Amino acid sequence: MAESIEAPKTNLLEYIGAEETNLLVSINLCRRDMDAFPKLDGLFQAPLQKIDLKVKDRKNLSDTERHRMTVLALYLYVHYHLYSTMTNILRCHLSDAFSQTRKAIDATLTVCRLVRQPETLNQYLERHGSYLNIKRSIEKANMETETAYPDTEGVINFHDICSQYGSHADASSFVHRAEITEPNNLGKSMFRLLMFQKPDSDLEFRYYIVQLIFIYAQMLWLMRDFVGGLAEKFDNDDWSKAISGFGKEVEKEMHEIEQEISTRDAAAKKAADS
């Protein structure tokens with residue numbers, strides 16, 4: 001006899017309610033780790049109140065004005081995705097958080113190239129292939145000259161992770177979210193795609209939060225010189241030191257959580273083997 005497997009009905013208000021519950025539970029769980037967020041947010045916003053692009057004629061922008069405006073827009077785009085990434089992961093949308101982070105990394109790498117090669121601005125605005133595949137362009141340049149785009153290795157590696165788990169509709173993006181429930185008393189099962197994703201343990205969840213904050217700190221580091229240079233009467237050196245110090249603090253916390261996970265797993269394995 002064939003098994004009866006049906007798809008469940010969904011309800012928007014129930015979905016929104018579940019999101020808000022996830023948000024409150026996640027903030028409470030990761031309260032200590034979330035203390036880092038306002039620090040990073042403050043670092044992103046620090047130069048903004050000091051920036052004045054001083055555009056002479058908005059209808060006839062010079063190449064320099066267009067360049068500055070484009071880079072600043074990309075910087076604000078990354079900052080927006082910081083917010084979007086954090087709200088997604090706190091609501092237990094892990095794949096979506098990765099997807100948002102991938103876009104932010106693309107924007108950051110675009111800034112890196114525009115700053116190094118301002119003459120390529122029109123290529124970016126006209127969607128040239130070298131910008132549509134900006135990660136590949138940066139990797140190629142780094143292979144040709146190691147110092148072409150320094151400090152980009154970390155975000156490039158994380159871009160690959162985001163691409164694998166959060167940015168495409170291939171099987172790796174959703175196979176872990178599909179499940180078939182056990183048959184009920186009427187012999188019917190449900191085939192559903194889980195709308196929420198949460199790591200296997202609270203420690204893993206905390207790790208993802210801290211890791212994402214660290215990656216955005218790396219993005220900020222890569223954009224700091226040009227954006228800080230747009231700000232008037234702004235101490236770019238102190239800002240750079242603050243970004244670096246923050247990144248080191250978050251990286252330390254990330255490694256501490258990694259160690260906790262490793263210790264926990266080793267103890268579980270020892271118990272299972274005994």
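**Entry 1: Glu-20**

Is Glu-20 buried, partly exposed or exposed? I looked this up in a predicted model. Glu-20 has a relative accessibility of 33%, so I recorded this residue as partly exposed, given that the class lies between 20% and 50%.

I then looked for a charged partner. Glu-20 forms a salt bridge with Arg-91, and their closest N and O atoms are 3.1 Å apart. Glu-20 belongs to helix H1 (residues 12-29), while Arg-91 sits in the loop between H4 and H5; the pair links distant parts of the chain, 71 residues apart. I also noted a network of salt bridges that links Glu-19, Glu-20 and Arg-91.

**Entry 2: Other salt bridges**

I found 17 salt bridges listed for the structure. One of them joins the side chains of Lys-188 and Glu-6, at 3.5 Å from N to O. Lys-188 lies in strand E3 and Glu-6 in strand E1, so this pair ties together parts that are 182 residues apart in sequence. Lys-188 is partly exposed, at 36% relative accessibility. Glu-6 is partly exposed as well, with a relative accessible area of 32%.

I also looked up Asp-52, which forms a salt bridge with Lys-54; the closest N and O atoms are 3.6 Å apart. Asp-52 counts as partly exposed, at 44% relative accessibility.

**Entry 3: The sheet**

In what order do its strands lie? I read the order as E1-E3-E2, in an open sheet of three strands with mixed pairing. The edge strands, each pairing on one side only, are E1 (4-6) and E2 (178-180). From one strand to the next, the twist averages 20°.

I reminded myself that strands of a sheet pair through backbone hydrogen bonds, either parallel or antiparallel. E1 and E3 (residues 188-193) run parallel and are joined by three bridges. Here Ile-5 stands opposite Ser-189, and Glu-6 stands opposite Met-190. E2 and E3 pair in the antiparallel sense, also over three bridges. On that side, Glu-179 has Arg-192 as its bridge partner in E3.

**Entry 4: The largest pocket**

Which residues are closest to the centre of the largest pocket? I noted Asp-106, Tyr-131, Leu-132, Asn-133 and Ile-134, out of 17 lining residues. The space in this pocket is about 440 Å³. Helices H4 (63-90), H5 (94-116), H7 (129-132) and H8 (134-144) each give two or more residues to the lining. H5 gives the most, with five residues. By class, I recorded seven nonpolar, three polar and seven charged residues in the lining.

How values were computed: Residues are numbered from 1 along each chain as its sequence is written. This is a predicted model: local features need pLDDT of at least 70, side-chain atom pairs count only at pLDDT 80 or more; totals for chains, interfaces and linings use all residues. Side-chain values use heavy atoms; hydrogens and water are left out. On a 1 Å grid over the protein atoms alone, a cavity is a set of points where a 1.4 Å probe fits but cannot get out, and a pocket is an open set with protein on both sides within 12 Å along at least five of seven lines; lining residues have an atom within 4 Å of a point. Grid points are joined across faces, edges and corners, and a volume is the space filled by probe spheres set on the points. Helices (H or I, at least four residues) and strands (E, at least two) are DSSP runs, numbered from the N terminus. Ala, Val, Leu, Ile, Met, Phe, Trp, Tyr, Cys and Pro count as nonpolar, Asp, Glu, Lys and Arg as charged, and the others, Gly among them, as polar. Two strands pair if DSSP finds at least two bridges between them. Axes are lines fitted to C-alpha atoms, for helices over the stretch in contact, and angles run from 0 to 180 degrees between N-to-C directions. A salt bridge is a side-chain nitrogen of Lys or Arg within 4 Å of a carboxyl oxygen of Asp or Glu. Buried means under 20% relative accessible area, exposed over 50%, partly exposed in between (1.4 Å probe, protein chains only).
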